[in-house]
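Here are my notes on this one, written for a first pass. Keep the viewer open while you read.

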Amino acid sequence: MLHLVYTVLLLSAAFNTGSSLPSFKIDWSTVAWVSGGAVIAVVAAPLAVGALGFTTAGISAGSGAASIMSAFAGMNGGATAAGGVVATLQSAGMILCFLLRKLSKTMKNIALNLITSPIT
């Protein structure tokens, strides 16, 4: 999955239209493009994996993830390889669901604390 992050970073840096001559001035447009590309890659990649059907409960039936798993199983003689593409995407999907669950619990606790705490 890191190759996707690196690809986005390289593509975002390619939008720089400034001089290719080395200088000691900071080109803030390049910094902005690289930073923005990194944030988008980190946020969008797990969301895309989850949308494909890789969840904490496993691969959703009838989803794109099921089709991917079927294709890789067909190429490997009926089984998917441990540590392969399908296993990596499944791990990424599990991490996303776990993090989203933790985030929602944290937000709920913050909201409850704001509602129940006395105003001073």
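1. Going along the sequence, the protein chain runs α-α-β-β-α-α. That comes to 4 helices and 2 strands. Helices (H or I, at least four residues) and strands (E, at least two) are DSSP runs, numbered from the N terminus.

2. Remember that this is a predicted model, where local features need pLDDT of at least 70, side-chain atom pairs count only at pLDDT 80 or more, and totals for chains, interfaces and linings use all residues. Numbering starts from 1 along each chain as its sequence is written, and side-chain values use heavy atoms, with hydrogens and water left out.

3. How confident is the predictor? pLDDT is its confidence in each residue, from 0 to 100. The protein chain has a mean of 76, and 76% of its residues reach 70 or more. Among its elements, helix 1 (residues 2-14) has the lowest mean, 62, while helix 3 (residues 64-75) has the highest, 86.

4. Of the 120 residues in the protein chain, 17% count as buried. Buried means under 20% relative accessible area, exposed over 50%, and partly exposed in between (1.4 Å probe, protein chains only).

5. Now look at isoleucine 95, which is in helix 4. Its relative accessibility is 51%, so isoleucine 95 counts as exposed.

6. Lysine 108 counts as exposed because its relative accessibility is 52%.

7. Leucine 103 is another residue that lies in helix 4.

Terms used:
pLDDT is the predictor's confidence in each residue, from 0 to 100.
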